[in-house]
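Have the model open as you read.

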Amino acid sequence: MKKLLMGAALLLGTAASAQGLLINGAGATFPFPIYSKWFSEYNRLHPDIKFNYQSIGSGGGIKQFTDGTVDFGASDAPMTDEQISKASDVVHIPTVLGADVVAYNLPGLADLRLSPANVANIFLGKITKWNDPAIAADNPGAKLPDQAIAVAHRSDGSGTTYIWTDYLSKVSPEWKEKVGKGTSVNWPVGLGGKGNEGVTGIVKSTPGSIGYVELIYAIQQKLPMAQLKNKDGNWIKPSLEATSAAAAGVQMPDDFRVSITNADGKDAYPVSGFTYLLVHKDAKDKAKGTAIITFLRWALTAGQAMATQLDYAPLAKPVREKALQKVDTLTVQGTKISAK
Amino acid sequence: MENGRPGAENLGDRAFNGILWVLGIMILVVAGLIVLNLALVARPLAKDHSIWGFITQTRWDPVEDHFGALTFLYGTLVTAAISIALAVPVAIGLSLFITQFAPTKLGRVLTIPVELLAAIPSVVYGLWGLFIVVPWLRESIEPWLGKYFGWIPLFQGPPIGLGYLASGMILAVMILPTIVSVSVEVMKTTPETNREAALALGATKWEAVMMAVIPYSRAGIVGAVLLGLGRALGETMAVTMVIGNTPQISASLFAAGYSLPAVIANEFAEATSNVHIGALAGLGLILFATTFLLNAGARVLVTAVQKGPSRVRG
């Protein structure tokens, strides 16, 4: 019996000492693949620091961060003023860029073009057939079938929806008034799919359907993507470069809470958005706070190179530098952590 | 219970009795706590919504924080109704076949795939529905129904595959094993003498079953159907994958809809405003109440009918 107890104590002891530092985070599903890669790479470089990230959604991330149950949060949509009032020491650090593309299922039509007004009217339910004259005007010479448009959208709350509805609110006053923007909205028409996978599934299996999905899903699932007209009036094919271009031309505010949909810039893709990590301005826990700061520096430098491998758009240089400056202002128990 | 020695036996009996009472009451307490907890979470909803307003309105708007449960209640009831309508005849027929008409060995073999159906996870049913049932409905069944029965409002509208009909069909397959397994057990308990008496009086095999087996197992069958109904009302993953997730009320079975558990599962993780979360908790309460009312109503119906023509149970 005594030997058993001693053995158990020894085991627990070794387990505890081998534990190292565990930092918990939760939030957006969109950047989960790149965060996973970053955390595992960082753990490889620093075996005593482990990050645990739960992709429960942007809203969940904000909530858990505000409640203090996690050390950092992640969200596609920047926190609203109301949310910040409950978590006043939050700092938004942009990490990568994402874009929403219009995926459609029209066999035989390779390059669909949709002007902002048409996109809004399709999602408002005002344009109901593919051979509507408004769509034909965007696509001269294309053979558009006399088929009903089946709209697909997200049934769960998501940052993807936030970026999409933010774009629609900017290009369509009617959308802004009737529906508005948010991670979950009252859709006028359309079928709901759960997650990007759900919408992809609906679009892939329903002929004549149209939906919005994250760029990565469209690339990896080889979905036909529509070209959208950006603010400068150019037709842009969705791509990682066009997404990064959207961020380059934007005037970055100090707190990084900015919407870059419908951005200026001749090559900018109009439905792009940042995804953010939410951290405390002043960390209470010394070890965790220091680890988070050093990780952020790594993610904004070495980590950015891994982004393109996973089909994420890395931050443009000016944004990256500004973000690094912001990280320099983060403190741990009142003191700044200098970059080694 | 009264026979036997007093003293030790009595104490043991009383202790056992007491334990059973506690266990029984615990179930009520847990259910009560669940309801109480949901009600507490749903309190922010009371600011701008009345209870009646919440139940009867259709607008579900997370941006404006204005919510109404009617579309989801409708979807839940419709899909449950379709699943019961499709599953109950098949289930009862299958149970009768297994217990009364099939050779014993075949009966035992048949229960195996039925029990396997019960073991399949909900999300697998959803995938099967999405990839097999929905395209089949969209290409074959719904156009055919629309063509020949399109004059009934139930079968109007564009065939998209996703919708009430798809969810109802998949739910029917999911609740079938529940109803069958309980019905089979109940039918097996019918005293053989009842059946033999009927046969001796000159009844055909079918008449013997109708006279002896069905009335005897009626209450049990209703219980089985209620179990199946309970599962149909609460089923989440399979339904949300094929129902189309559109909060609308439509008379047509081909239309897309939404159900109470589906919307809760979809929106809860990302809901941040307290009113939104409260609304989802409110939906949970409505689901609870619906299940309870349907169960209670069915039991009342059974007792009322039982008091009437069923003279077999005396």
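A crossing of two helices is left-handed if the near helix is turned anticlockwise from the far one by less than a right angle, and right-handed if clockwise. Helices (H or I, at least four residues) and strands (E, at least two) are DSSP runs, numbered from the N terminus. This is a predicted model, where local features need pLDDT of at least 70, side-chain atom pairs count only at pLDDT 80 or more, and totals for chains, interfaces and linings use all residues. Residues are numbered from 1 along each chain as its sequence is written, with chains lettered from A and ligands numbered from 1 in the order in which they are written.

Now find H3(B), which passes H8(B) in a right-handed crossing. Residues from H3(B) such as Ala80(B), Ile84(B) and Leu96(B) are among those that meet a set in H8(B) including Val213(B), Ile221(B) and Leu229(B); contact here puts C-beta atoms, placed from the backbone, within 7 Å. By class, that contact has 13 nonpolar, four polar and no charged residues. Nonpolar takes in Ala, Val, Leu, Ile, Met, Phe, Trp, Tyr, Cys and Pro, charged is Asp, Glu, Lys and Arg, and the others, Gly among them, are polar.

Next, look at where the chains meet: 28 residues of chain A are in contact with 21 residues of chain B. H3(A) gives the most to chain A's side, with five residues. That side has six nonpolar, 19 polar and three charged residues.

How values were computed:
Two residues are in contact if their C-beta atoms, placed from the backbone, lie within 7 Å.
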